[in-house]
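Here is a short briefing to read alongside the sequence and the coordinates. Have a look at the structure first, then go through the points below.

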2 protein chains.
Amino acid sequence: MAILHATARLFLARGFAQLSIEGIAADAGVGKQTIYRWWPSKSDLVAEALIAGVLMPEQVAPRFDGTLRADLVQWMRAVLAFVDHPEYDEMLKSLIAASTANPAIGERLRENLGADADLVRRLEKGVEDGELPAAAPIASIVELLVGAILVRIVARPEADDGESERLIDVVLGRYAPEHDALDRT
Amino acid sequence: MAILHATARLFLARGFAQLSIEGIAADAGVGKQTIYRWWPSKSDLVAEALIAGVLMPEQVAPRFDGTLRADLVQWMRAVLAFVDHPEYDEMLKSLIAASTANPAIGERLRENLGADADLVRRLEKGVEDGELPAAAPIASIVELLVGAILVRIVARPEADDGESERLIDVVLGRYAPEHDALDRT
DNA sequence: CAGCATACGATACGAACCGTCTCGCAACCC
DNA sequence: GGGTTGCGAGACGGTTCGTATCGTATGCTG
């Protein structure tokens, strides 16, 4: 659909806030009414463009052929590089802004950023291989990692090269307290 | 300043997207020009209202008088309860949307949600008391925790009662690979 | 093929805000 | 008491909103 491509083009060019139905209609060579006929709001239009895959580039699927820690660090590095890329930074901020208006966008964004099947599968494989305890709450781990990415997008804390390793190491328990300390609970 | 209070009132009532300078001016009994004279944009106005403390309620300072794990779980429970509260949910979404337009809002929100001095101090005390190894990257831990909160706000993953414990336990390394055998029962 | 329904492009419309500008008016400073 | 300054008020041209109304093109039905 020409409308979705126009939406994607204008979204990438100027962001969600500057996106107007009139502009999309003009760019797509379409009457405004045609857009209002099929989509109830701007955010639904963006959500559909995102789901149709015309908005975000395919996430590069990491290789996942090393140890759990190495694979996760590599994945985190790739995602942070993507997120820090100036070209995508604005787009991601805009997507987050759009998420607050339409939960479907948030869910899709979360999938694209990391809750996607590959990462979960790698963690599950980690459990099978004994790299993670069977009790490891994979969903919570993914949430923490995706969250760290979101914080990075909205608040941009200063971070150096080692940040990816640190985040993964925290989540993998490298900084676990001594057992007796933890068990004093 | 009456303008900041009007901003806060309208922000809470209808959110960032529906906030208009004209509306604020009318509500505050003020000329539009007066607002434009002092604030360059809507988001700066919101940022100042947030910083002035007229926008968000004071975060209840947790007691922090137990073990590290107990204190963190209690803190996480309090924050998640706040975030899940329907009344604040919309406001927080709006604040996140505003963050994408103004980094100062994002930083302030991050502080309010958890990177605030109290939490960092508790973690540092954990290091002193030997509850955490000296090498523990406190900033990264805080980022992960705040991130989990953000994910919750924008994507609202399903979560049950135990989520707070799980998140804290992951970050404290309870699911560390090294502890695999010990943790199995 | 005739008749008709439907989706379309285009465009007009009133409403809401935008950001700028220009008024008087009051308070304050020498 | 003259001059300055910041203010409330609101006029102004623009933009976009969401709705309504055209005439047209396409394709189905009989």
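This is a predicted model: local features need pLDDT of at least 70, side-chain atom pairs count only at pLDDT 80 or more; totals for chains, interfaces and linings use all residues.

**B:Met76**
- You will find B:Met76 in helix 5 of chain B, which spans residues 68-84.
- B:Met76 counts as buried because 23 other C-beta atoms lie within 10 Å, and the cut-off for buried is 20 or more.
- Beyond the neighbours within four places in sequence, B:Met76 contacts B:Ser164, B:Leu167 and B:Ile168.
- B:Met56 sits 20 residues away from B:Met76 in sequence, and their C-alpha atoms are 18 Å apart.

**Where chain B meets chain A**
- Chain B puts 49 residues into the contact, while chain A contributes 46 residues.
- On the chain B side, the elements giving two or more residues are helix 5, helix 6 (86-99), helix 7 (103-115), helix 9 (138-155), helix 10 (163-171) and helix 11 (180-183).
- Helix 9 of chain B provides the largest share of that side, 11 residues.
- Sorted by class, the chain B side holds 26 nonpolar, 10 polar and 13 charged residues.

**Around DNA strand D**
- DNA strand D is surrounded by 15 residues, and the closest are A:Ser20, A:Ile21, A:Glu22, B:Gly31 and B:Thr34.
- At least two residues of this surface come from each of helix 2 (21-28) of chain A, helix 3 (32-38) of chain A and helix 3 (32-38) of chain B.
- Helix 3 of chain B gives the most, with 4 residues.
- The surface near DNA strand D is made up of 3 nonpolar, 7 polar and 5 charged residues.

How values were computed: Residues are numbered from 1 along each chain as its sequence is written. Chains are lettered from A and ligands numbered from 1 in the order in which they are written. A residue is buried if 20 or more other C-beta atoms lie within 10 Å of its own, exposed if 12 or fewer, and partly exposed in between; C-beta atoms are placed from the backbone. Two residues are in contact if their C-beta atoms, placed from the backbone, lie within 7 Å. Ala, Val, Leu, Ile, Met, Phe, Trp, Tyr, Cys and Pro count as nonpolar, Asp, Glu, Lys and Arg as charged, and the others, Gly among them, as polar. A residue is near a molecule or strand if its C-beta atom, placed from the backbone, lies within 6 Å of it.
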